[in-house]
Amino acid sequence: MTTSIDMEHLKQDAVDIFHSGFTCSESVIYAIKKNFELNMPDDALAMSTGFPWGLGGGGCICGALAGSTMCIGYFFGRTEPGDPSNGFCFQLCNEMHDFFKETCGGTCCRVLTRGMEKDSPERKAQCTKFVIAAVEKTAQIIIREFEHSRFYNK
């Protein structure tokens with residue numbers, strides 16, 4: 001794993017894969033995995049496949065935000081019942097939520113894409129901005145916490 005990340009390259013990787021056929025959630029995870037040089041199984045990408053268009057088309061949480069949350073959980077989540085580190089992970093995810101809401105104008109896919117056709121160029125362009133915002137902020141949170149904390153490398 002590395003935390004020496006070229007943010008422009010990270011964002012471009014997310015955009016390129018998003019425009020190549022991955023969805024918003026998959027694109028965020030893919031770019032974090034690639035740029036942090038993680039030994040993360042591809043199963044993590046598969047686990048995020050159902051998030052786009054607001055949880056499988058339901059219009060709820062934006063997939064880019066969901067992918068970001070999965071990445072934060074990968075680094076700072078717990079794997080044992082009762083481990084109190086979930087509180088810290090909650091703090092970081094809440095920070096991401098608030099950033100995304102303020103920066104993108106909401107967190108709900110149906111609100112963010114109101115009036116846009118699912119596969120329209122207008123929606124793809126807007127969602128590209130959400131992917132960029134999510135992947136960049138996610139990387140910033142991860143780097144900040146690794147530089148100022150006790151966390152081990154995955």
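**Exercise 1.** Which side chain meets that of Lys137 in a salt bridge, and what is the N to O distance?

*Solution.* In this predicted model, the side chain of Lys137 meets that of Glu95 in a salt bridge, with an N to O distance of 3.4 Å.

**Exercise 2.** Determine which residues are linked with Lys137 in a network of salt bridges.

*Solution.* Begin with Arg144, which forms a salt bridge with Glu145, their closest N and O atoms lying 2.7 Å apart. Within this pair, Arg144 is partly exposed at 29% relative accessibility, while Glu145 is buried at 11%. The network of salt bridges then links Glu95, Lys137, Arg144 and Glu145.

**Exercise 3.** Classify each partner of the salt bridge between Lys33 and Asp42 as buried or exposed.

*Solution.* The side chains of Lys33 and Asp42 meet at 2.5 Å, N to O. For Lys33 the relative accessible area is 17%, and the residue is therefore buried, the cut-off being under 20%. For Asp42 the relative accessibility is 53%, and the residue therefore counts as exposed, since that class takes values over 50%. This salt bridge, between Lys33 and Asp42, belongs to a structure that holds seven salt bridges.

Conventions: Residues are numbered from 1 along each chain as its sequence is written. This is a predicted model: local features need pLDDT of at least 70, side-chain atom pairs count only at pLDDT 80 or more; totals for chains, interfaces and linings use all residues. Side-chain values use heavy atoms; hydrogens and water are left out. A salt bridge is a side-chain nitrogen of Lys or Arg within 4 Å of a carboxyl oxygen of Asp or Glu. Buried means under 20% relative accessible area, exposed over 50%, partly exposed in between (1.4 Å probe, protein chains only).
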